[in-house]
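This report describes selected strands and salt bridges in a protein model. Please keep the sequence and the structure in view while reading.

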Amino acid sequence: MVVAIDEVEQECLGQLLTANFPYMSKDCITINHNPSGQQGDNFSFTHEYAYFLHLAPGRYIAEQNRENEADWDERNFRDVTGEESLRSAGKNCFYPILIKDGELVGFGDVCNDDYHPTHMNVKLDNNLIAIYPVDPKGIERKWRFARNTVESIKHELRAHRLEKRDVWDIKRLKKTFNYKSNWVDTRYSANNHGTQLLNHIIPAAPASYPKSLYTVRDCVHAALNGSTKSAVLDYFAGSGTTGHAVIKLNREDNGQRKYVLVEQGEYFDTVLKPRIQKVIYSADWKEGKATAPHTGISHAFKVLKIESYEDTLNNLQLRRTIAQQSLLDDLPTDAQEDYLLRYLLDIESRGSLLSVEQFNQPFDCKLKVTVDSAGAYEERAIDLVETFNYLIGLRVKHIDTQRDKGFVTVTGWLPTGEKTLVLWRDVSQVDYETLNRLCDRLAINPADSEFAVVYINGDHNIPAVFTSLETEGGIEKKLKIRQIEPEFLSRMFAVEGV
């Protein structure tokens, strides 16, 4: 988990993270995101903070790939000084490294204690040369990695010819390093690589203080610890920099990372969504025009709009008589509020948001949706099929949409691992008899063992199938055919654990 914060709340956030995640290690780094500084009475702040929370011990933060050759580090792979560099200090680090025609080809086994090579280079058959960690004075030292771990850095090692001594040695060229705790590179500037970068993508974008793309890119890269298939969640998505950073990382290494962005600001449609659309088409933009359309990628993302508090109120329909209203008006204000919270929303408005009747024609379901901050609303279609998939946690495998024929089928797996079929139908088009013919034609037989669970909306005459399970000495009967309506409503309006 990564949390960014400024200097005002950094200390309090650190205490909250410690209190809520006591089992995790917490690292706080500084990011020089405002090189010109924010003017104050005493100090000009140039930095913000980022907390990284991860398990410990072990490596959970990726190493940084340094692109600038001047930042690379080349050094002898043989330990060279002090008692700790001797063979006796690390027996598993004394083994031959094999080269052929100047190229590293493999590693030999750890040498027996009684074996002492006569030279740092020993010629073998097939033009192989075994290189040992022996210094020019003939002192047996050790390699910097043990035999059981050296394979992991083989790509960093190379044979190095010492012409004056007429011998081969091993060098390590290191291009990856631990991320430092103070990020001062100019690419972390929120002005140059945040605001200006965004304005090149969307001129005059109405977004405040977007972070540097490279700040977020490096945070995501570090936190994923080398994974190229993880999912990244940002529930304060802002201008969409996190989504942009994930797309950038996937471009760099052909990764399959995914992102989930959550944002309720009005600039979702004017900044976040068009930004993602544009950076998919081209990696680079200038003054609103794509400058690298050849970098376009195959990519799909889905926009889900969640019902708001205002949408709920707009769709409430109260069942109250004139006498009941009169009595309510005479109650004290505190009593009216108590009535609203404890009775009205639960009893008087029950069934007004989604009635069972609406499930008979699930593809025509509409709700009044707020369209602006003033409270104006309009009727819009609601996707009950998609909503139900999320409510039951269905991992979807296949969707067959044939709404012109009055049905949609969804197959997949529940979180329990049960293979599941969800059959939605327009009851006015697919009645009892038509439903049975449909199941036969689609080779769907809910009575067999192909599916562990089958959901169907509306009344039907398909026989329910039970499977018996022994649980703690008793017999539990589990219904294989389930009605969509009660499952949908119970999960939609469940308050347990909220």
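Four strands form an open sheet in the order 7-6-9-8, and their pairing is antiparallel. Strand 7 (103–107) and strand 8 (121–123) are at the edges with a single partner strand each, so one side of each has no neighbour in the sheet. On average, neighbouring strands of this sheet are turned by 30° against each other, direction ignored. Strand 8 is joined to strand 9 (residues 128–131) by 3 bridges, and the two run antiparallel. Within strand 9, isoleucine 131 stands opposite asparagine 121.

Some terms need their rules. Helices (H or I, at least four residues) and strands (E, at least two) are DSSP runs, numbered from the N terminus. Two strands count as paired if DSSP finds at least two bridges between them.

The model is predicted: local features need pLDDT of at least 70, side-chain atom pairs count only at pLDDT 80 or more, and totals for chains, interfaces and linings use all residues. Residues are numbered from 1 along each chain as its sequence is written, and side-chain values use heavy atoms, with hydrogens and water left out.

An open sheet of 3 strands has the order 5-11-10, also with antiparallel pairing. Strand 5 (73–76) and strand 10 (157–162) are its edge strands, each pairing on one side only. From one strand to the next, the twist averages 35°. Strand 10 pairs with strand 11 (residues 167–174) over 6 bridges in the antiparallel sense. Alanine 159 has isoleucine 170 in strand 11 as its bridge partner.

Strand 22 (residues 419–425) has 6 of its 7 residues buried. Here buried means under 20% relative accessible area, exposed means over 50%, and partly exposed lies in between (1.4 Å probe, protein chains only). Strand 22 pairs with strand 21 (residues 407–413) over 7 bridges in the antiparallel sense, and tryptophan 413 stands opposite lysine 419. The hairpin of these two strands has 5 residues between the strands, and glycine 417 takes a positive phi near 95° there. With strand 23 (residues 453–456), strand 22 runs parallel, joined by 4 bridges. Valine 422 has tyrosine 455 in strand 23 as its bridge partner.

Side chains of opposite charge can pair when their charged atoms come close. A salt bridge is a side-chain nitrogen of Lys or Arg within 4 Å of a carboxyl oxygen of Asp or Glu. By this rule there are 23 salt bridges. The table gives examples.

| Salt bridge | Closest N to O |
|---|---|
| Aspartate 218 and arginine 187 | 2.6 Å |

Which parts of the chain does the pair of aspartate 218 and arginine 187 link? Aspartate 218 is in helix 3 (residues 213–224) and arginine 187 is in the loop between strand 13 (182–183) and helix 2 (191–201), 31 residues apart. Aspartate 218 counts as buried because its relative accessibility is 0%.

Arginine 217 in helix 3 and glutamate 252 in helix 4 (residues 241–253) are 35 residues apart. Arginine 217 is buried at 9% relative accessibility, whereas glutamate 252 is partly exposed at 40%. A network of salt bridges links Arg187, Arg217, Asp218, Lys248 and Glu252.

Arginine 437 and glutamate 433 are separated by about one helical turn because they are 4 residues apart in helix 10 (residues 432–441). Arginine 437 is partly exposed at 47% relative accessibility, and glutamate 433 is exposed at 55%.

Key. Axes are lines fitted to C-alpha atoms, for helices over the stretch in contact, and angles run from 0 to 180 degrees between N-to-C directions.
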